[in-house]
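Here is my note on the model, point by point. Please read it with the structure open.

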Amino acid sequence: MRRQYNYLRHVFSSLFNLDKTIIFTILALAVINIIIQYSATDRVITKLVTDTGYLIISFILLFIVANINLNHLKRLAIPFYVFTLLCLVAVLIFGVTSHGAKRWLNVGFRIQPSELCKLSVPLVLACYYSLRTNLSSYWEYLWGFIIILLPCVLIAKQPDLGTAILVFFAGVFVLFFVGLPWRIIVIGMLVLIASTPVIWHFLHDYQQHRILTLLNPQSDPLGKGYHIIQGIIAIGSGGIYGKGYLHGTQSHLDFIPEKHTDFVISVLAEEFGFIGVGVVLFLYGLLIIRALMVMQQAHGTFSKVLAGSIAMSFTLYVLINMGMVSGILPVVGVPLPFISYGGTATIVLMLGFGILLAIARENKY
């Protein structure tokens with residue numbers, strides 16, 4: 001009994017020692033999530049309860065991971081990476097097909113293994129490069145790209161180009177922070193630009209249409225351009241102060257597609273206006289700045305590059321989602337962090353920030 005008491009006392013004391021800026025910022029975003037999801041799901045209580053349940057589970061996992069010793073994370077890196085690869089192969093064979101894509105595994109409930117790769121790839125790369133003392137050889141970076149490309153190819157086959165891009169950059173951020181030479185970066189960009197016609201040939205029809213529609217949404221206003229046009233209308237109609245909570249016309253008259261997931265920022269902008277979006281952007285900025293501070297203060301290659309990858313990946317999620325909703329980027333199915341409805345995506349985000357909190361705790365002590 002005394003041992004259990006001491007363990008609970010240790011758990012509660014450790015909670016108070018976590019980075020409070022990160023904790024309270026995520027809590028604020030979670031509250032906004034619940035408020036917006038109630039409107040975006042047309043006040044369907046069952047969906048709100050499910051979404052809240054995901055948030056509660058995610059917070060529990062966040063606190064568990066935040067108290068894990070970083071050496072244990074290193075030991076789990078390779079098994080976790082292999083596990084996610086096996087899950088991706090299982091998706092291609094046994095996966096659940098929805099909307100023409102095979103991205104989920106049904107294990108009593110649906111999970112999306114590609115989301116797990118957003119953590120497994122930077123984690124295994126950080127572990128790999130923390131054991132390397134000499135990175136003067138280009139072969140060291142080549143092995144890193146191979147580790148990144150294996151899951152990316154499997155994810156692209158589902159097809160899920162948006163998640164494949166995010167996983168790719170989550171890994172590339174690690175390579176950048178361990179010292180990837182600018183020569184390789186420039187050459188890689190030039191090769192990517194030169195190979196655009198080849199890449200275009202391998203894109204699915206709907207992916208090609210999304211890119212073409214981005215250039216001229218009005219060319220197919222009731223088809224491929226519908227998402228972008230309605231999202232822009234909703235954002236613009238909110239003005240400075242918004243139309244008021246639960247009074248958004250574009251969202252409640254079902255003009256906005258995927259309004260509770262990818263296009264949830266349109267609901268927020270329409271009902272709370274520029275001020276509401278500004279508050280969310282402020283919270284995102286606070287979270288990103290704090291994450292970069294944790295990276296700067298981190299000790300050792302593993303902690304530093306992993307914290308940097310988490311911070312930059314989170315920044316990329318925000319930029320891509322807001323860019324595609326406002327018509328700056330193609331629609332690639334990237335949810336808005338901590339605001340969009342989703343189970344696996346929310347849990348993976350929380351696990352990532354749990355790791356960041358563990359690194360911040362290590363910095364403190």
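1. Start with the lining of the largest cavity. Its residues divide into 16 nonpolar, six polar and two charged. The model is predicted, and every value below is computed from it.

2. That lining comprises 24 residues. Lys118, Tyr317, Ala345, Val348 and Leu349 lie nearest the cavity centre. Lys is one of the residue types counted as charged. Begin with these five residues when you look at the site.

3. Which elements give two or more residues to the lining of the largest cavity? They are α5 (113-130), α14 (301-325) and α15 (344-364). The largest share, six residues, comes from α15.

4. The volume of the largest cavity is about 250 Å³. The structure holds one cavity of 30 Å³ or more.

5. Next, the second largest pocket. About 210 Å³ of space lies in it. What is the class make-up of its lining? There are 10 nonpolar residues, no polar ones and no charged ones. The lining consists of Val65, Ile68, Leu73, Leu76, Phe80, Leu116, Leu119, Leu123, Leu351 and Ile355.

6. Three helices each supply at least two residues of this pocket's lining: α4 (70-94), α5 and α15.

7. Is Ile68 buried, exposed or partly exposed? Its relative accessible area is 23%, so Ile68 is partly exposed; buried would need a value under 20%. Leaving out residues up to four places away in sequence, Ile68 touches Leu73, Ala358 and Arg361. Trp182 is 114 residues from Ile68 along the chain, and their C-alpha atoms are separated by 35 Å.

8. Ser120 lies in helix α5. With a relative accessible area of 0%, Ser120 is buried. Its contacts include Phe80, Tyr81 and Thr84, once residues up to four places away in sequence are set aside. From Ser120 to Val191 the sequence separation is 71 residues, and the C-alpha to C-alpha distance is 27 Å.

9. Ile57 lies in helix α3. Its relative accessibility is 44%, so Ile57 counts as partly exposed. Ile57 and Thr346 are 289 residues apart along the chain, yet their C-alpha atoms are separated by 9.6 Å.

10. Phi of Arg43 is near 60°. Arg43 is in the loop between α2 (20-40) and α3 (45-66), and its relative accessible area of 44% makes it partly exposed. Leu246 has a phi of about 70°. Its place is in the loop between α11 (226-237) and α12 (249-252). Leu246 counts as buried, because its relative accessibility is 19% and the cut-off for buried is under 20%.

11. Where is the cis peptide bond that involves Pro159? It runs from Gln158 to Pro159, with omega near -10°. Pro159 is found in the loop between α6 (138-156) and α7 (161-177).

12. Now the whole chain. There are 15 helices and three strands. The C-alpha atoms fill a box of roughly 55 × 55 × 40 Å along the principal axes. Why does the chain fit the description of a compact globule? With 365 residues, such a globule would have a radius of gyration near 21 Å, and the chain has 21 Å, so the two agree.

13. Burial, contacts and surface complete the picture. Buried residues make up 48% of the 365 residues. Take the contacts between residues at least 6 apart in sequence: 72% of them join residues at least 24 apart.

Notes:
Residues numbered from 1 in each chain as written. Predicted model: local features only at pLDDT ≥ 70, side-chain atom pairs only at ≥ 80, totals over all residues. Heavy atoms only, no water. 1 Å grid on protein atoms, 1.4 Å probe; cavity = no way out; pocket = protein on both sides within 12 Å on 5 of 7 lines; lining within 4 Å. Points joined across faces, edges and corners; volume = space filled by probe spheres on them. Helix = DSSP H or I, 4+ residues; strand = E, 2+ residues; numbered from the N terminus. Rg over C-alpha atoms; globule rule 2.2 N^0.38 Å. Buried < 20%, exposed > 50% of the residue type's maximum accessible area, 1.4 Å probe, protein only. Contact = heavy atoms within 4.5 Å.
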